[in-house]
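User: Hello! I am new to this protein and would like to go through its sheet and its cavity. Could you help me read it?
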Amino acid sequence: MDRSSHARSRRFAPAVALAAAAALTLAGCSSSSGGKKADEDSDSGASAGKANTPRMTVALVTHQAPGDTFWDIVRKGAQAAADKDNVKLVYSADPNAGNQANLVQNAIDQKVDGIAVTLAKPDALRSVLDKAEKAGIPVVGLNSGLADWKKLGLMEFFGQDESVAGEALGKRLNEDGAKKAVCVIHEQGNVGLTQRCDGVKKTFEGSIENLYVNGTDMPSVKSTVTAKLKQDGGIDHLITLGAPFAMTAVQSVDESGSKAKVATFDLNKELTGAIEKGDIEFAVDQQPYLQGYLAVDGLWLYKNNGNYSGGGEQPVLTGPAFVDKTNVKAVAEFASKGTR
C-alpha cells in the first residue's frame, strides 16, 4: 500500500464517498494577512442559521505574500463557511515554505480539529503533514497542490488543475491570433504558477518565454515588465498569474508604448472593471471564494457526518472559467461583493 493510501485508510476509513457541500451561502468578511484569527473581524452576513453542532476549530494556513489581495477572497469564503458551521477559524500565512510549515506545526500544537493548507511548495510541508496525520488531525488542501495532495495523505482538495487552466489559455491565445507572449511569474518555486505557464506553452502555437519578477515589490514588477516590453517590440501578449499583476502590466504597456494585450489568471473587482474597459482581454477565474468555503465546510462535514468529497481519490475542481467582455457584467456584480 502506498503512503497516501495508507494515510487515508488510517485517518479517514469511516468516511462516506462524496460530500454534498449543499448550503453555500455567498457572504463576506474583512481580511488581513498574518496570524490574526479571522473570526475576530468577521462580518460575513451569512443568511443561513448557524449549525448547532459542537464548536470546532479549523486552521487555514496559506502561502499568502504580504499585500496579495487574492487571499482576501479565499478567507472571505472560509469565514462564511465557518460562520455557518459554528467553526472558529484561525488564519495564518507565510510565502516562505519553511515558515509555512512552522505555522502548520503551530496548528498541530494547538490541537485544532482540522487543517486546511495550500501546497505551493509541497516538499517543504511533507514532514509536518506527517505529524498532523500522527496527531489524528484531518487535513484538506486548497488552491495549490493538485498534483501532490494525495501523495501527502490529504483527505480532500479544492482548486483548479493549473496545467489544464494554462492549456485553455494557450488555446485562447491561438484563437485571438497571438504570435509572441510573455508569461510573468511573480513567485519562483511556486509549482502552481510554473504549471500555468507550462500549460500555456503546451498549447500555444506561437513563441512564449517566462519572465520572473519579485511579486512582493510591485514597483519592481512594473519596471521589469516595462523594460521587457521596450526591449522586444514583437511581444503582442502579456500573461500574468494574478489580478494585481495584470493591473500593473497594463501600466507597463502604457509606459513602454507597447501594443501588447494583457490577459491574466485570477480575478477581483478591479480587474472586472478593466475587462469592461478593454484594458485587459480576459481572465481565467478559479473561484477562490469557493475554495476557502469548501475547505472549511469539508472539514465540518467530515467531523460531523463522516462525509468527504471525491472519496479521497478525486479533487473538487473550482475552475477554470473564462471571464471576458461577453460575461463580465454578470460576474462583476459578485466580484464587487468579494465572492468572485
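Predicted model: local features only at pLDDT ≥ 70, side-chain atom pairs only at ≥ 80, totals over all residues.
User: In what order do the strands of the open sheet run?
Analyst: Residues are numbered from 1 along each chain as its sequence is written, and side-chain values use heavy atoms, leaving out hydrogens and water. Strands are DSSP runs of E, at least two residues, numbered from the N terminus, and two of them pair if DSSP finds at least two bridges between them. With parallel pairing, the six strands of the open sheet follow the order β2-β1-β3-β4-β5-β11.

User: Why is one side of β2 and of β11 left without a neighbour in the sheet?
Analyst: Look at the edges of the sheet, where β2 (87-93) and β11 (316-317) stand. One side of each is left without a neighbour because each has a single partner strand.

User: Which helix gives the largest share of the lining of the largest cavity?
Analyst: Helices are DSSP runs of H or I, at least four residues. The lining includes Val191, Gly192 and Gln195. The largest share, three residues, comes from helix α6 (residues 191-203).

Technical notes
1 Å grid on protein atoms, 1.4 Å probe; cavity = no way out; pocket = protein on both sides within 12 Å on 5 of 7 lines; lining within 4 Å.
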